[in-house]
Amino acid sequence: MSTNEKKKPPLNGRRALPSNNSNDEENEVPEMEAFGMIPRGFNPKDYLHVVDVHMFKEPHEINKQQHHTDKYYSPKLIVRRGQPFQIQIDFNRPYKPETDQFWLEYLIGRYPQQNKGTYIPILVGDVLKPGEWGAKVTHKENNSIRLSIMSSATCIVGKFRLYVAVWTPFGILRTHRNSATDTYILFNPWCQQDAVYLDDEKEREEYVLNDVGIVFHGNINEIKVRSWSYGQFEEDILDACLFLMDKAELELSGRGNPIKICRVASAVINSRDDNGVIAGSWDNTYSYGVAPSAWTGSVDILLEYYSSKQPVRYGQCWVFAGVFNTFLRCLGIPARLVTNYSSAHDNNANLQLDFFLDDEGQVDTKITKDSVWNYHCWNEAWMTRPDLPVGFGGWQVVDGTPQETSDGMYRCGPASVQAIKHGHVCFQFDAPFVYAEVNSDIVYSRRQKNGTQVIEKIDTTHIGQLIVTKEVGGDGMMEITEEYKFPEGSAEERLALETAVMYGVKKQTTQDTTYQPQMDVDMDFQVQKAVLGSDFKVTITFRNKSRNYYTATTYLSGNIVFYTGVPKNEFKKHSFSAKLEPSSCKTSSTFDVLIKSSEYLSDLLDQAAFHFFVTARITETGKILAMQKATVLEIPTLRIKVAQGEMVAGREMSVTVEFTNPLKQTLENVTLRLEGPGVLRTMKKEFGQIPVNSTLIWEVKCTPKRPGLRKLIASLNCDALRHVYGELNVQIQKP
């Protein structure tokens, strides 16, 4: 009886298998899985069997080079999901596809199940589909074959065990357990289908591959700088980071989702309530431990925790943030460390810091629970948020410093930075708390002798005066305050605050607990359909159903977003005052805002997608109307033509690709690609320039190999224009 059998956890009545939440535990996999009685004289050696498996796992070899994992100090194969990698299998004789059948099995955890993504059988096929599990033979020589394996762009991130299984008439023969073939699969910011895809190479080099960083501390009037070693590639750090997910008991099936990983990691980075990595201490006595300011990086902390399994003493905010950053970058999630100067710690998330004064006008420390930190460090992690409306992906705040409980544990995030900026704090997780950290008003109030409270002063500019992170590719400071908030004191900023109060408030002071929206005015807006490169307009319509004259101060914010809904930047800001006549005079009032192509073209992203926020405040009542919509421009397409006449397998044919430049600028360094499985291998052509309105024509000769219905696919790419495609179905005749 193996040790594994003895320790079998008791089953409960709710599930057939115990929870599978340890990457470290394994199950026994039979090397011979018989179909029934095995006849005498059966010799496995008579059948195809595996002599050796080569993983090409050296840093200078193809896999680690192509997957940007050559820096990891690990002898094992480390690849990123959604991107093909190579292995070689040596058999005892040449492989014959007609009669031999073998497949690969990737397993993770102790209770592998196919529907949970913890048991992955991969049959060998003819084509690899992008972002889906598959394998194909790319090379055969003597007794060896070379395989290209594609992993799913959503698969579990962790350490998988690899087996090669061979079918025989009497049973399945498997390779024995060999830890040398273990494969680590990480997030892939280079892969468009991955939830953490980041489109800028310099940003990927900074936020994923840079293993040192800068922590900004001190205070708003005296900014101090220190370096921090993240060390995400050092020996055993990857295993230590995977252990953190085991420690947090995150189901293996949830480990492909960066939202879940960030959520559990923000709890396990601190030791409150779960014996996590770092014990915090803010009282200046650090006996039996290391003072927070003494650490120089994350490696020592993570390795000590990995070996002792006990919280490491001690940390403060930048230590939690430094270790969290290592964890995120190590797994392949783009991450950066952020400092907020004058950070509010709002104990009851009512979006205001309540400072209670006594009769003398002094702060009454007994009843004042909120606080302002000189600075506070947290992290931002980059990912899509399919759980939120479009426009709220991108940078998400995650914070491992134990400040307040969230769903019963000390953790914070992921909270969308874009949602915080616009006051949409209704979206999970913990947006009201972060919103308060950067935006709260400080309210000073005094309780009078008769028990009534008098508000003495409201300070609207003190909190979140400066939010910074390290610049990309250098050690300087980059200010990102604008990502979190509108300019201090601007009307948009007040509007975002009122939106936040409308949505995110758990407790509110007694005088305005009732929320009374403006019922007698409707607002809507429409975005004109437009082709990329042309001007278009946004039309905002108000219907004043009352008998009153109203004035609406209206703001439009236009953001360029990735196709996944992640915003890149704000390209249009427009505000105006709208006079709304009563319904008796006029049914509705419309206002046009012109969007010029020159405003958006320089920053336009891949899929030419926009996201608009429109907010309006009725001056007479102070009430707010808010609305948001996403819209996409039409992108011109490539035209593919084939010469008239029959297209026959084995005979040369001619394909033409045409494209007309629709932009008001010359396109430079344009790359065209054309491919068609079974018709032609991928061909590439570079064009130096395509002037405005001119048409490019590219003619290609090819000889289709296989008859049947085939598809030709072309794409055009240059800095000013991406995601330009064309396709054509062609029927190839038999010769």
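This is a predicted model: local features need pLDDT of at least 70, side-chain atom pairs count only at pLDDT 80 or more; totals for chains, interfaces and linings use all residues.
## Orientation of α4 and α6

On the α4 side, the contact is formed by I237, D239, A240, C241, F243, L244 and K247. Helix α6 contributes V299, L302, L303, Y305 and Y306. By residue class, the contact of α4 with α6 comprises 10 nonpolar residues, two charged residues and no polar ones.

## Packing of α5 against α7

Helix α5, residues 258-268, packs with helix α7, residues 317-331, at an angle of about 150°. The axes of α5 and α7 lie 11 Å apart. The two helices are therefore roughly antiparallel to each other, since the angle of about 150° is over the limit of 145 degrees. The crossing of α5 and α7 is right-handed.

Four residues of α5 are listed in this contact, namely I261, C262, A265 and S266. Their counterparts on α7 are F324, F327, L328 and L331. The contact of α5 with α7 divides into seven nonpolar residues and one polar residue, with no charged residue.

## Cavities and the lining of the largest

Rolling a probe the size of a water molecule over the atoms shows where empty space is left. For this model, the count is four cavities of 30 Å³ or more. The largest cavity holds about 130 Å³ of space. Its lining is made up of 14 residues, of which H422, F486, E492, L495 and T615 are the closest to the centre of the cavity.

Helix α11 (491-504) gives the largest share of this lining, with four residues. The elements that give two or more residues to the lining are α11, β29 (550-561), β30 (567-580) and β32 (609-618). In composition, the lining of the largest cavity has six nonpolar, five polar and three charged residues.

Charged residues number two in the contact of α4 with α6 and three in the lining of the largest cavity, while the contact of α5 with α7 has none.

Methods: Residues are numbered from 1 along each chain as its sequence is written. Side-chain values use heavy atoms; hydrogens and water are left out. Axes are lines fitted to C-alpha atoms, for helices over the stretch in contact, and angles run from 0 to 180 degrees between N-to-C directions. Angles under 35 degrees count as roughly parallel, over 145 as roughly antiparallel, 65 to 115 as roughly perpendicular and the rest as oblique. A crossing is left-handed if the near helix is turned anticlockwise from the far one by less than a right angle, and right-handed if clockwise. Contact means heavy atoms within 4.5 Å. Ala, Val, Leu, Ile, Met, Phe, Trp, Tyr, Cys and Pro count as nonpolar, Asp, Glu, Lys and Arg as charged, and the others, Gly among them, as polar. On a 1 Å grid over the protein atoms alone, a cavity is a set of points where a 1.4 Å probe fits but cannot get out, and a pocket is an open set with protein on both sides within 12 Å along at least five of seven lines; lining residues have an atom within 4 Å of a point. Grid points are joined across faces, edges and corners, and a volume is the space filled by probe spheres set on the points.
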